[in-house]
There are 2 protein chains.
Amino acid sequence: MSDKQPAMARRDFLAAIGKAVGGSAMLRAMAAMGIGTSISACGSSSAASAPGATSPPAPRVDSPRPGDWPANVGAGKTVVILGAGITGMTAALEMTRLGYACTLLEARSSAGGRVLTLRAGDVVNETDSSQTCQFDIDEELYFNAGPSRIAQHHEFLLGYCREFGVKLEPFTNDNRGAWLHSPGAFGGQPQIARQLLADTRGGIAELLSTAINQDALDQALTETDKANILAMLRQFGDLDINYIYDGTPRGGFPGQGNAGSRQRGELLPPRQLQELVTEFFWELRLSFSQGFDQQPAMLQPAGGMDRIARAFESRVVDDIVFEATVTEIRKTSGGTRVVFNDLSGTPATIEADYCMVTVPAPALAGIDNDFSAAHQAEIEGFQYSSAVRVAFQAPRFWEQEHNIYGGITWTDQDITQIWYPNHGFQNPNGIIVGAYIFDGAAGGRFTDMAPVARIDATRAQAANVHPQFRDQATHGISVAWNKMPFQRGGWGTSIPLALLSADDNIFFAGEHLSILQGWQEGAILSAYLAIDQIVNRDLGA
Amino acid sequence: MSDKQPAMARRDFLAAIGKAVGGSAMLRAMAAMGIGTSISACGSSSAASAPGATSPPAPRVDSPRPGDWPANVGAGKTVVILGAGITGMTAALEMTRLGYACTLLEARSSAGGRVLTLRAGDVVNETDSSQTCQFDIDEELYFNAGPSRIAQHHEFLLGYCREFGVKLEPFTNDNRGAWLHSPGAFGGQPQIARQLLADTRGGIAELLSTAINQDALDQALTETDKANILAMLRQFGDLDINYIYDGTPRGGFPGQGNAGSRQRGELLPPRQLQELVTEFFWELRLSFSQGFDQQPAMLQPAGGMDRIARAFESRVVDDIVFEATVTEIRKTSGGTRVVFNDLSGTPATIEADYCMVTVPAPALAGIDNDFSAAHQAEIEGFQYSSAVRVAFQAPRFWEQEHNIYGGITWTDQDITQIWYPNHGFQNPNGIIVGAYIFDGAAGGRFTDMAPVARIDATRAQAANVHPQFRDQATHGISVAWNKMPFQRGGWGTSIPLALLSADDNIFFAGEHLSILQGWQEGAILSAYLAIDQIVNRDLGA
């Protein structure tokens, strides 16, 4: 779900936690989260970058996982888990296997949390509006309004897919045939990504070759280094024999916005690096698909992301109390008590040895509780992305007219991204995401709009990229996560500290408390960490 | 099918044709092939690379396509087409639509030519051996021994898929989680591609930043340029605030050959650029997936590449004479005559106004004919890749143990490439290509081996990358294209000249005569060019 640059976010996260590190409990939690206790990697230069320096192998800091815990450790113990999203269902599934008696309280009438796949007839109830999905009835016409992609190394989520038999297919995150667009650049004309990427590589390679050939880097490079690097740069940038970048077939050919392979011959005139390195361009994700969690290969479940949530749900459904609105979370002598209104609105109480709270912080903040001041303060201050997605049904003009098969077009308008479907290629119709907004200001603007205004605004902005949006994009539907009841946010963006530790017998979990904020894999990692804390409590560790 | 670097091959191709250009007929053929008649783009520096220079828009040089030709132009005319591969079937389909009466002579008992998908029970008969495919019976256990991927802009092939209802799915060509391997580099340990790619970008960005910060490029760059480019380079290489590359999460984390996302914390120590730019590394395709025909998004037909050939076949099957071995290709007064042995071995003769020869040059060279000396010489000298593929059935250790979902691992052993299946993820078994060889020397070595020796050699070399090949890769099967009857080669690699023009009423076509050698799209483009020549003959143009 998250599209921020993971590299810097992770580094900031690590650095901030490093600075705050206190007792061994925190160090243990960090190690369990997969965060190294050595802070040397946190963004600053180190000896490892000096030529010739060798680094010792990094210590292995696996986070906990199923198999780490003794069989039957939970026998006779009870846990109440708040929230039947991926975190809560992972906890219920794994803790049941350890012998714990689990009860899941879920405020909504179905499980999955922010894993939301919309199909014909589905209803989206925000706090102040209601929409019904008007797509045609067709199993390939669905809209993942929440998480939509899986990184290849998200191995726990992928492991559950294997265990559950959820069919996976490739997800094209980085399509060089998709476009980059800014009203203020290139005369407002969308540019095919391949051209700007090829010209950037060419420009970088030509400049560095010039410097090397002018002996400007002789302090750093031997003659052998220079020869090897120059040879590599010719390949890297597709330079000519004189180390000049003069365009490349990698960037495509003229007219290729609307034509395919037959359109060869003249190369596109190369754009100068100076022209390309405007803030617009490199902020529009020159390196987006380099990110560890955004690199190819990526995956999606065939038929919609909620196939995974449904598979989880089917395995823990007997332990879920649906439409249970929690009103109080209390500490008792040696345990916990949760008060909730059941589906008839009748107050009910459940007591358990442990309570695991997986409710997103913005929704949790309003529930009466006995939390410590530190925990409560962190909950109240926890920041979330204001993610908004808007989708339409449309004939597949992007494939038929522009040879775009999946992937993402970027624009620096509020709508930020246009997503093309990665499945059902060449069907008559597809679901196209006309806006995926995750930036705070733009997200706020779209969150504040009524659904019909969001759809109009999306159509208008997207039409600046693809004019076909004006007439061909129909059946618009939107989700503004800040207005979704019981969730009230996209994903956590604050750095967690207090919530990484238990508050007496109350434990906290969720994607926002993981090293992978905004990802389902993060939800699972966080569930494992909370399970580990409970198990170690029972083991007296 | 082709994995050579298209960039340079195209440029060489264009340049060579440019040098050889003679009369207007050749210029017309070149334009029709989509080759610009201006040679200014052919690899050398031009004014376009001087800062501030503007290039005029390149002339549009569309190759011919259906719709260019008058309806019914072929009424009353007959064509005999030799070979029912993609070229021949495209020609038959489109010329029938124009009113031509077409007959396809096909030497084999099924159509599709080098489009070969092997499944349980299929038999591969090379000139001196016979193999039977022993895979388990399962629709997801297939081996594309010929073409295996489709570029997003191969719009004619994709158009036929749309017309025929062939279901397409994404093909992951560039998987950053796949590996690079050389026995002579990094102690023979395979490296995850993401790490070497991230370190290369980081090293390039750091070096260029150093040069810029030392004012070494002040002649080329203004202060504004320098500031913009430095900012871009930090993003491009993930440099720290001092423009030092000190590793990046983009490269992954220690132990990630066998662990997934939980394994975070310490960064991998960065490798120095000097260490990376050995011939091994950059020859092993630092820029492979930048190629115009190799970039994401790519596609494959669900269920096997031959789904496309089968769909073509079903539309022209009534015009195909199977098991027809051509023995003579003759010119007649105002027409052509082809002599062939039919499936009973009985000689037969067919006369037609036109003959279109789509047989691969190595197979064509042995057939008696009336070709001009120039045509015959070019046929006899036409070079083809010596492509070999070897595949196995195996449990999906690459997914379960290494989080590799599709894509290609490179090694500088003879086997060259290992391909992981892009479909059927997490099934118990998959078909893994243990060798895809296209280099002449290695291809020759494997072509010369008996099938069992190829399989043993592949297993031994692949086990240097994945030891699991030793015990888990079973049911090996291979195809050496130089030994496949009626084909005798992978794809054409010579530069065509004489064969681009008709020889009286005999016309030549095939991927080898296209701007996209080795690709099905090239076969289609070539068919269109030959149709255009015939149509223009009939129009008296």
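Two residues are taken to be in contact if their C-beta atoms, placed from the backbone, lie within 7 Å. Please keep that definition in mind this morning.

The structure is a predicted model, in which local features need pLDDT of at least 70 and side-chain atom pairs count only at pLDDT 80 or more, while totals for chains, interfaces and linings use all residues. Residues are numbered from 1 along each chain as its sequence is written, and chains are lettered from A and ligands numbered from 1 in the order in which they are written.

I begin with chain A. Chain A has 16 helices and 23 strands; these are DSSP runs numbered from the N terminus, helices being H or I of at least four residues and strands E of at least two. Of its 541 residues, 59% are buried, that is, 20 or more other C-beta atoms lie within 10 Å of the residue's own; a residue is exposed at 12 or fewer and partly exposed in between, with C-beta atoms placed from the backbone. Among contacts in chain A between residues at least 6 apart in sequence, 70% join residues at least 24 apart.

Next, the domains, whose bounds come from an automatic or database domain assignment. In chain A, domain 1 comprises 6-48 + 62-111 + 307-384 + 488-539, domain 2 comprises 117-177 + 296-304 + 385-483, and domain 3 comprises 194-277.

I turn to the core. The largest nonpolar core has 297 residues, and those with the most contacts inside it are Leu208(A), Met356(A), Leu208(B) and Met356(B). Such a core is a set of buried Ala, Val, Leu, Ile, Met, Phe, Trp, Tyr and Cys residues joined through C-beta atoms within 7 Å. Beyond its neighbours within four places in sequence, Met356(A) touches, by the contact criterion, Val79(A), Ile81(A), Leu82(A), Ala91(A), Phe507(A), Ala509(A) and Ala530(A).

Helix α6 of chain A, residues 223-237, has 15 residues and should span 21 Å at 1.5 Å a residue; its end C-alpha atoms are 21 Å apart, which agrees. The expected span is 1.5 Å times one less than the number of residues. Its buried residues include Ile229(A), Met232(A), Leu233(A) and Phe236(A). What covers the buried residues of α6(A) includes α5 (193-213) of chain A together with α7 (273-276) and α8 (279-283) of chain B. After α6(A) comes Asp238(A), with a positive phi near 60°.

In chain B, the buried residues of α3(B) include Ile86(B), Met89(B) and Met95(B). They pack against β1 (78-82), β2 (101-105), α9 (306-316), β16 (354-357) and α16 (520-538) of chain B. Just after α3(B), Gly99(B) has a positive phi of about 100°.

Finally, a sheet. In chain B, four strands form an open sheet in the order β15-β14-β13-β17, with mixed pairing; two strands pair if DSSP finds at least two bridges between them. Its edge strands are β15 (347-352) and β17 (368-369) of chain B, each pairing on one side only. Strand β14 (residues 335-341) of chain B is joined to β15(B) by six bridges, and the two run antiparallel. In β15(B), Ala348(B) is the bridge partner of Phe340(B).
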